[in-house]
Amino acid sequence: MRVSIGIDIGGTNIKGGLVRGRRILRKIEVGAGTGMVARITALIRRLISKQKVERIGIGCAGLVDPHRGVIHYSPNIDEFRNIPLAALIEEEFGIRCSILNDVNAFLLGEWLFGAGRGYQDLIGLTIGTGIGGAAIIGGRMLWGSGYLAGEFGHMVIDKKGPLCSCGRRGCLEIVASQTAIMRMARRYHLPLSDPEGVARLAKSGNKKALQIFDAIGHNLAIGIGNLIDIFDPEVVIVGGGIANAGAILFGPIRRYIRQEVMGYRYRRIRILPARLKKGASIIGAAHFDEQLLTP
Ligand SMILES: [Zn+2]
């Protein structure tokens, strides 16, 4: 079976792996910062030093044109403005390189090898400091006319809610991300520094922490309910660190979704945690094939 390289570019770090099938044979993580292309190139050079590689796939947050292999814009990475990264990497190594948005890469990984295996209509959400989204409909990735489809984190679910980075109020990501969990924790005077801590407290039965997850779960159910009304998917896959919280998160989502979607009893809805954990974007990017782009 072929070996490929998958790269996941985030605002704070770059993760790369040698990928065969669903397995990451070797993984390297380096910090992000100035000179991103040189950092990525050095990481790839380390990965291919002992291994022949068939292709390179890169997942990157932001607005990515997978057709042209260009990153138009990426939050937190100022130098990524209309940069033809795929061509630069191909020139450097003489290996085929393709690029896609990191959440599309996540959903592709989960579709091929994770919680989405065997389905044709899938929605993916990644919950971190923000909320990312992607969709595969009828077995085809939904790109949109300008590769901006799937910004589900910026679906407004409470027009009187807190101000979002996009300029609107009450976007899903401002009321249901890890940032929202921490904002609620501060309001409840819970002395915790990360959402995992809030999750642990909730699992131990703390009422305030459970209320936070109940509210987050309800907000997610409103957003997921809207997506189900629009797309009628077979499965909604929830990834990102907090998706590991288990029943304290998925319990409220599955309870509230009954009232937050049209015709619940006629639907067969599966809302599942991601299965590939932190490797989904690397694995998905490594398997990204331009065939997914053909109309
Ligand atoms: Zn927004």
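The legends below describe close-up views of a predicted model.

**View 1. Leucine 190 in the loop between helices H5 and H6.** Leucine 190 is found in the loop that lies between helix H5 (178–187) and helix H6 (195–203). It has 17 other C-beta atoms within 10 Å, and leucine 190 is therefore partly exposed. When its neighbours within four places in sequence are left aside, leucine 190 is in contact with Ala185, Val198, Leu201, Lys208 and Ala209. One of these contacts, lysine 208, is 18 residues apart from leucine 190 in sequence, while the two C-alpha atoms are 8.2 Å apart in space.

View 2. Strand S1, which comprises residues 4–9, is mostly covered, since 6 of its 6 residues are buried. Ser4, Gly6 and Asp8 point one way from the strand, Ile5, Ile7 and Ile9 point the other way, and all of them are buried. With strand S2 (residues 13–20), S1 pairs in the antiparallel sense over 6 bridges, and a hairpin of 3 residues joins S1 to S2. With strand S4 (residues 55–60), S1 runs parallel, and 5 bridges join these two strands. Isoleucine 5 can be followed in both pairings: its bridge partner in S2 is leucine 18, and its bridge partner in S4 is isoleucine 56.

**View 3. The open sheet formed by strands S5, S6 and S7.** Strands of a sheet pair through backbone hydrogen bonds, in either a parallel or an antiparallel sense. Here an open sheet of 3 strands has the order S5-S6-S7, and the pairing is antiparallel. Strand S5 (63–65) and S7 stand at the edges, each with a single partner strand, so one side of each is left without a neighbour in the sheet. Neighbouring strands of this sheet are turned by 15° against each other on average, with direction ignored. S5 and S6 are paired over 3 bridges in the antiparallel sense, and aspartate 65 has valine 70 as its bridge partner in S6.

**View 4. Two asparagines with positive phi.** Most residues other than glycine have a negative phi. Asparagine 76, although it is not a glycine, has a positive phi of about 75°, and its place is in the loop between strand S6 (70–73) and strand S7 (81–83). Asparagine 76 counts as exposed because it has 12 C-beta neighbours inside 10 Å. Asparagine 82, which lies in strand S7, likewise has a positive phi, with a value near 55°. This residue has 11 C-beta neighbours inside 10 Å and therefore counts as exposed.

**View 5. The crossing of helices H7 and H8.** Two packed helices are described by the angle between their axes and by the distance between those axes. The axes of helix H7 (residues 207–231) and helix H8 (residues 247–256) come within 8 Å and cross at roughly 45°. The two helices are therefore oblique to each other, and the crossing of H7 and H8 is right-handed. On the H7 side, the residues that meet H8 are Leu210, Phe213, Asp214, Ile216, Gly217, His218, Leu220, Ala221 and Ile224, and they face Ile248, Leu249, Pro252, Ile253 and Tyr256 in H8. The residues of this contact divide into 11 nonpolar, 2 polar and 1 charged.

Methods. Residues are numbered from 1 along each chain as its sequence is written. This is a predicted model: local features need pLDDT of at least 70, side-chain atom pairs count only at pLDDT 80 or more; totals for chains, interfaces and linings use all residues. A residue is buried if 20 or more other C-beta atoms lie within 10 Å of its own, exposed if 12 or fewer, and partly exposed in between; C-beta atoms are placed from the backbone. Helices (H or I, at least four residues) and strands (E, at least two) are DSSP runs, numbered from the N terminus. Two strands pair if DSSP finds at least two bridges between them. Axes are lines fitted to C-alpha atoms, for helices over the stretch in contact, and angles run from 0 to 180 degrees between N-to-C directions. Angles under 35 degrees count as roughly parallel, over 145 as roughly antiparallel, 65 to 115 as roughly perpendicular and the rest as oblique. A crossing is left-handed if the near helix is turned anticlockwise from the far one by less than a right angle, and right-handed if clockwise. Two residues are in contact if their C-beta atoms, placed from the backbone, lie within 7 Å. Ala, Val, Leu, Ile, Met, Phe, Trp, Tyr, Cys and Pro count as nonpolar, Asp, Glu, Lys and Arg as charged, and the others, Gly among them, as polar.
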